[in-house]
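User: I am new to this structure, and I would like to learn how to read some of its features step by step.
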There are 2 protein chains.
Amino acid sequence: MPSFDERTFIAALRGIANHPAARGLGDDAAALEFGGETLILTHDVMVEGVHYLASQDMADVAWKLVATNLSDLAAMGAQPMGVLLGHMLGRDDAAFIEGLRQALTVFGVALLGGDTVGSGNENTPRAHGLTAIGRATHTPAPSRSGAQIGDIIWLSGPVGAAMMGFEAVRDATGEPSGAFRRPVPLLDEGRALAPHVTAMMDVSDGLLLDATRLAEASGVTLSLDRMAVPLSAPEARRDDALRWGDDYQLLVTIPRGVEPPIPMHAIGTVVAASDVPLLLDGQPPALGTSLGYEHGT
Amino acid sequence: MPSFDERTFIAALRGIANHPAARGLGDDAAALEFGGETLILTHDVMVEGVHYLASQDMADVAWKLVATNLSDLAAMGAQPMGVLLGHMLGRDDAAFIEGLRQALTVFGVALLGGDTVGSGNENTPRAHGLTAIGRATHTPAPSRSGAQIGDIIWLSGPVGAAMMGFEAVRDATGEPSGAFRRPVPLLDEGRALAPHVTAMMDVSDGLLLDATRLAEASGVTLSLDRMAVPLSAPEARRDDALRWGDDYQLLVTIPRGVEPPIPMHAIGTVVAASDVPLLLDGQPPALGTSLGYEHGT
């Protein structure tokens, strides 16, 4: 039988993910009622050569594995509690553990368990999985599907820094690269925003792609003002930065007239669904141009 | 920096897994207090060429991925609730999803979320991770560390069937192989046993190796009667079957004089710690002989 592409596989998974806690696999994390509270659960995988460069410091890889999962919890307004690690042994395992320890310490999260396996082959690209669990601080936990026509679209901060950092690492220029190597999940921000938003997600795969997903989940169109998006990159790279992932800003919609509880950047408005889920300065983004990285959720 | 072997890596992880819910990474799963109840959490990884044959039916691989994780919950006396899947795309993804659906349906468990990634390379051995979460039905949830001197050691059923099944698949003999391909986690048995045991674990890596781990966790020696271990293999293969994993029987210790609540096989007694954690017919198992598969926990 043929292998599936990611879209087809996830569509097939949706067919069996019929528990309400799975939220149709459409949100950044699952939300499961338990013991009178709500658990927030997410699992992300990083693959060498796909999600990180084979030349990267494994301490940075471990940090980022934790940070990306915690960013999914942030997007649900959750307080993280613990993680389980699925680790494939390989080069620089001591550095991996040190980066893991640093991230868990900084974000105040417990290592609860996991599994450690050999790759069976020294030349196999490695895969690292992490499950993060947290406690919802506001219920129902925010979803991607609640945006309402008329809402203002807000972004927590600039995009582009991770792109610049990636290029600095790839080309070994010595320019700052921390935004790419050591992203910081916006946990406090997510918790502050949760009670006020109609929809929330983290921007992991590119602002335009993730905005499209939020629009489709909500059954609306997101109309973005291209120049209103704050940038951490040269102005000439604006269009690249709008399509680049890994910045882990929070993208939210809030009813017009309601001020966000923390400093945010207004970047557009929610309008009635049209032929396209996304408008950029009133136009659909150019056909044939990738909107971002379709390598995960 | 050099890569670590599994023992070294896990020892280093233990140094940062200092939350009591992690139980020192010594049990089959973590046990986290939440909302007045106890969550049981486990994560296992299966790697092509290490944990399954590249020629195997991917429906069986998906089934086994679910079953092995649920077996860890069984060993903690937990009622499973849901799973998160970390899937690397590749051959026979439709079959994988069908096996996943079958296992989740049979065991009554929800697919809550996860991540789907490409391998970046068609020839890369694939890795599949699964996180299973459940609810403790008896607290404190059983551990490996509670065996007491004088306890009777009980096993839930025979070992060897998975070994015979593996050989049938490997050699394409057409002999029965279901025990290897489609193991069944002993969930009802685990819940029935939990209130009565001093220690419990599932036998995933071989009876002698796992009995050694239970002995070391409890600070005792396990004295096993070789001929008392029930066998699902030819008598000539007894010593192999005692070292083969994948049977997922439950190994427990119960105070002498207490009858197990379900049919079990008495296979030995707990004695005071000596130079060796395991005695087989009163002798240490032969030096230089592997006791089982050290490929996971």
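Analyst: Let us begin with a term: buried means under 20% relative accessible area, exposed means over 50%, and partly exposed lies in between, using a 1.4 Å probe and protein chains only. The model is predicted, so local features need pLDDT of at least 70, side-chain atom pairs count only at pLDDT 80 or more, and totals for chains, interfaces and linings use all residues. Residues are numbered from 1 along each chain as its sequence is written, chains are lettered from A and ligands numbered from 1 in the order in which they are written, and side-chain values use heavy atoms, leaving out hydrogens and water.

User: Is B:Tyr248 buried or exposed, and where is its place in chain B?

Analyst: B:Tyr248 is buried, with a relative accessible area of 6%, and its place is the loop between helix H8 (238-243) and strand E9 (250-254) of chain B; helices (H or I, at least four residues) and strands (E, at least two) are DSSP runs numbered from the N terminus. B:Tyr248 also has a positive phi of about 60°, although it is not a glycine.

User: How are two copies of a chain related, and what rotation superposes chain B on chain A?

Analyst: Two copies are related by a rotation about an axis and a shift along it. Here, a rotation of 180° with 0.0 Å of shift superposes chain B on chain A, with RMSD 0.0 Å, by least squares on the C-alpha atoms of residues with pLDDT of at least 70 in both. That is the relation of a two-fold axis, and in chain B the C-alpha nearest the axis, 2.3 Å from it, belongs to B:Gly35.

User: Which residues are joined by a cis peptide bond in chain A?

Analyst: A cis peptide bond joins A:Thr139 and A:Pro140, with omega about -10°, and A:Pro140 lies in the loop between strand E5 (127-136) and strand E6 (152-155) of chain A.
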